[in-house]
Amino acid sequence: MADRTSTDPNTPRLSAVAPCYNEEESITEFVRRLSAACKTCVSDSYEIVLVDDGSSDRTWEIISGLTLTDDHIVAIKLLRNHGHQLAASAGLSNARGQRVLLIDADLQDPPELLPQMMAVMDAGAEVVYGQRRTRAGESRLKLKTAEMFYQLLAKLSTVNIPKNTGDFRLMSRRVVDLLCSMPERQRFIRGMVAWVGGNQVAFAYDRDA
């Protein structure tokens with residue numbers, strides 16, 4: 001599939017997509033840190049797509065307020081809670097950037113890693129996926145169940161889905177377009193991205209609590 005936007009002078013060089021559910025305590029700090037990372041990489045040529053997944057707290061009120069002071073913010077409100085994967089998919093389908101970062105808004109995945117991930121993509125990667133080296137604040141039970149999940153996934157799937165990964169990843173426009181064109185209604189983004197193929201490179205990092 002051809003890159004449909006790279007020649008458009010109005011296309012941002014980077015989009016950052018973040019599903020948000022009851023994030024009133026972290027969303028302002030998240031946007032501050034993510035904005036700083038984006039500016040470091042692409043100066044003013046970026047957008048931040050925030051998808052409120054039917055929050056029951058002040059998340060949407062705060063996001064709406066941010067749009068009044070920062071025209072880089074794109075706000076999307078879902079009418080109810082659809083779950084992380086559909087909220088992320090809604091954000092990806094509205095992202096216009098030549099490259100797209102998918103990141104959660106809870107600050108477990110540090111936005112400050114973006115410049116290093118961009119450098120890996122500059123070297124030829126089409127997907128740079130975060131692979132958790134350590135997972136701060138998680139119990140032994142949580143770590144064990146995660147290990148069992150990936151073992152089961154490896155047995156059930158014919159596609160190699162890397163272990164210790166979430167949806168934290170930087171993707172090329174081509175990969176995002178292919179992902180958005182897939183017809184699945186029950187979406188599992190990390191598996192779908194793995195299925196697409198291309199040059200996908202792991203980026204090891206330490207996940208915050």
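Here are some questions and answers on how the labels for this predicted model follow from its values.

Q: How do you know how many disulfides the structure holds?
A: The count is 0. Take Cys-38, which is in no disulfide: the nearest cysteine sulfur, in Cys-41, is 6.9 Å away. A disulfide needs two cysteine sulfur atoms within 2.5 Å. From the side of Cys-41, the closest cysteine sulfur is that of Cys-38 at 6.9 Å, so the two are too far apart for a bond.

Q: Why is Cys-38 called buried?
A: Its relative accessible area is 0%. Buried means under 20%, so Cys-38 qualifies.

Q: What makes Phe-168 and Tyr-205 an aromatic pair, and why is the pair called edge-to-face?
A: The count comes to 1 aromatic pair. The ring centres of Phe-168 and Tyr-205 are 5.3 Å apart, and the cut-off asks for centres within 6.5 Å. Their planes stand at 70°, and planes over 60 degrees apart count as edge-to-face, so that is the name this pair gets.

Q: Why can this pair be said to tie together separate parts of the sequence?
A: Phe-168 belongs to strand 6 (residues 165-172), while Tyr-205 belongs to strand 7 (residues 200-207). The two residues are 37 residues apart in sequence, so their pairing links those parts. Both Phe-168 and Tyr-205 are buried as well.

Q: Which residues of helix 4 are buried, and how do you know whether they lie on the same side?
A: In helix 4 (residues 114-122), the buried residues include Leu-114, Met-117, Met-118 and Met-121. These four cover an arc of only 105° around the axis, so they sit on the same side of helix 4. After helix 4 comes Gly-124, which has a positive phi, near 125°.

Q: Why is Ser-55 buried, and where is it placed?
A: Ser-55 sits in the loop between strand 2 (46-52) and helix 2 (59-69). Its relative accessible area is 15%, and the limit for buried is under 20%, so Ser-55 counts as buried.

Q: What makes the link between the side chains of Ser-55 and Asp-52 a polar contact?
A: The two side chains are joined at 2.5 Å, and a polar contact takes N or O atoms within 3.5 Å. Ser-55 also has a side-chain polar atom 2.8 Å from the backbone nitrogen of Asn-22. Setting aside neighbours within four places in sequence, Ser-55 is in contact with Cys-20, Tyr-21 and Asn-22.

Q: How do you know whether Ser-35 is buried or exposed?
A: Ser-35 has 7% relative accessibility. Since buried means under 20%, Ser-35 is counted as buried.

Q: What does Ser-35 reach from its place in the chain?
A: Ser-35 lies in helix 1 (residues 27-42), and its side chain reaches the backbone oxygen of Val-31 at 2.7 Å. Beyond neighbours within four places in sequence, Ser-35 is in contact with Tyr-46, Ile-48 and Asp-70.

Q: What do the values for the whole chain say about burial and surface?
A: Of the 209 residues in the chain, 50% are buried. The chain exposes about 10600 Å², with 52% of that supplied by carbon and sulfur atoms.

Note on methods:
Residues numbered from 1 in each chain as written. Predicted model: local features only at pLDDT ≥ 70, side-chain atom pairs only at ≥ 80, totals over all residues. Heavy atoms only, no water. Buried < 20%, exposed > 50% of the residue type's maximum accessible area, 1.4 Å probe, protein only. Phe/Tyr/Trp six-rings, centres within 6.5 Å; stacked < 30°, edge-to-face > 60°. Arc of directions from axis to C-beta. Areas by Shrake-Rupley, 256 points an atom, 1.4 Å probe, with all protein chains shown as cover. Polar contact = N/O pair within 3.5 Å; in protein donor to acceptor, adjacent residues only side chain to side chain. Contact = heavy atoms within 4.5 Å.
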